[in-house]
Amino acid sequence: MAEPVSQNAPEDDPDRSAEDKPRLSRSEERGGSRRRRAKPAKKRSFWKELPILLVIALVLTILIQTFLAKVFMIPSGSMEATLHGCPGCTGDRILVDRVTYDFTEPAPGDVIVFKGPQAWINNEIPPQESSNIVVRGLRGLGSLVGFAPPDERDFVKRVIAVGGQTVQCCDQQGRMIVDGKSLDEPYIYWENLSKQEQQSFEPVKVPAGMLWVQGDNRNNSDDSRFQGGGGVNGAVPVENVIGKARIIVLPPSRWGGISDHNPQQSAQPVALGAPAWQSGLPLGAGIAAAWPALFVGRKLKSGLRRAAGRKP
């Protein structure tokens with residue numbers, strides 16, 4: 001009597017060895033492997049991704065501003081009209097290049113941001129700190145991205161002379177002098193057009209590794225001429241320089257580059273004028289010598305006339 005045939009397919013027989021089972025083609029094996037690995041992807045919620053994106057953006061901002069470029073707010077008018085900034089108005093935000101001076105030294109005409117040396121900050125009034133930790137944190141974050149005044153004593157000025165050069169003011173036209181040459185400074189801003197003159201000071205030799213800096217708003221700038229009592233104490237160490245001001249980024253109406261016109265490039269040799277009392281000496285001597293000359297001339301003329309009258 002014949003035995004009934006099993007309904008199970010030969011390949012499903014558990015008693016069959018692996019050698020007896022039919023082999024699958026490579027394409028069938030890959031397809032089955034993909035089917036086993038495939039799982040439905042779960043899409044992350046936008047609100048879960050948003051905090052991660054914000055953290056990444058903040059970290060990148062900190063890294064960029066620490067090593068490449070940083071945004072600074074201009075809180076005063078000492079660099080008018082190159083940079084706007086004054087009490088009660090919206091100060092410019094400038095992008096400061098932090099890489100350039102890793103390869104070169106600051107040069108005359110560069111607008112730089114630097115940490116104030118001790119001689120500069122001794123006379124500064126420290127900023128009023130809030131006792132609220134949240135306010136201090138927000139202020140620090142705003143300072144980091146350039147939307148609040150910085151807590152530290154940072155300054156922005158223009159380089160006028162570098163280490164080894166001698167600077168003084170002024171020539172007979174009221175211009176700054178470096179190494180005996182009158183500077184070409186088209187960026188100077190005069191708030192009072194009727195007083196276009198600078199405060200004079202004696203020659204100062206800038207020490208090596210230091211910079212002599214001044215504001216473009218020449219009569220409204222506490223700079224190397226006055227800080228630390230002026231003179232050598234007013235110079236700024238090169239190591240204090242944070243970077244070079246490149247671009248005005250805010251407000252949009254003032255977008256553009258920042259001039260780095262070199263005032264020494266077209267400087268002209270100048271003969272320093274003598275003090276006023278010395279300048280008057282030739283005139284006084286001329287007046288003093290005029291009276292005797294006039295007296296002698298009259299006597300001579302009178303004598304000649306008498307001599308001519310006595311002739312037959």
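Q: Why is Phe114 called buried?
A: In this predicted model, Phe114 has a relative accessible area of 0%. The cut-off for buried is under 20%, so Phe114 counts as buried.

Q: What makes Phe114 and Trp120 an aromatic pair, and why is it called edge-to-face?
A: Their ring centres sit 5.3 Å apart, and pairing asks for centres within 6.5 Å. The planes are at 90 degrees; over 60 counts as edge-to-face, so that's the label the pair gets. Trp120 is buried too, at 0% relative accessible area.

Q: What makes the pair of Phe114 and Phe155 stacked?
A: Here the angle between the planes is 20 degrees, and planes under 30 degrees apart count as stacked. The centre-to-centre distance is 5.8 Å, which is within the 6.5 Å limit. Phe114 belongs to strand E3 and Phe155 to strand E4, so the pair ties together parts 41 residues apart in sequence. Both of these Phe residues are buried.

Q: Why speak of a cluster for Phe114, Trp120 and Phe155?
A: Ring pairs link the three. Phe114 pairs with Trp120, and Phe114 also pairs with Phe155. In total, the structure has 4 aromatic pairs.

Q: How do you know that Arg158 lies over the face of Tyr187?
A: Arg158 is 3.9 Å from the ring centre of Tyr187. The distance cut-off is within 6 Å, and the charge must also be within 35 degrees of the ring normal. Arg158 is listed as lying over the face of that ring.

Q: What makes Arg254 and Asp92 a salt bridge?
A: The N to O distance is 2.8 Å, and the rule wants a side-chain nitrogen of Lys or Arg within 4 Å of a carboxyl oxygen of Asp or Glu. So the pair passes. Arg254 sits in the loop between strands E11 and E12, while Asp92 is in the loop between E1 and E2, 162 residues apart.

Q: Why is Arg254 called partly exposed but Asp92 buried?
A: Arg254 has 21% relative accessibility, and partly exposed runs between the buried limit of under 20% and the exposed limit of over 50%. Asp92 comes in at 0%, so it is buried.

Q: What makes Cys169 and Cys170 a disulfide?
A: Their sulfur atoms are 1.5 Å apart, and the rule is within 2.5 Å, so the pair counts. The disulfide count comes to 1. Cys169 is buried at 5%, while Cys170, at 22%, is partly exposed.

Technical notes
Residues numbered from 1 in each chain as written. Predicted model: local features only at pLDDT ≥ 70, side-chain atom pairs only at ≥ 80, totals over all residues. Heavy atoms only, no water. Helix = DSSP H or I, 4+ residues; strand = E, 2+ residues; numbered from the N terminus. Buried < 20%, exposed > 50% of the residue type's maximum accessible area, 1.4 Å probe, protein only. Phe/Tyr/Trp six-rings, centres within 6.5 Å; stacked < 30°, edge-to-face > 60°.
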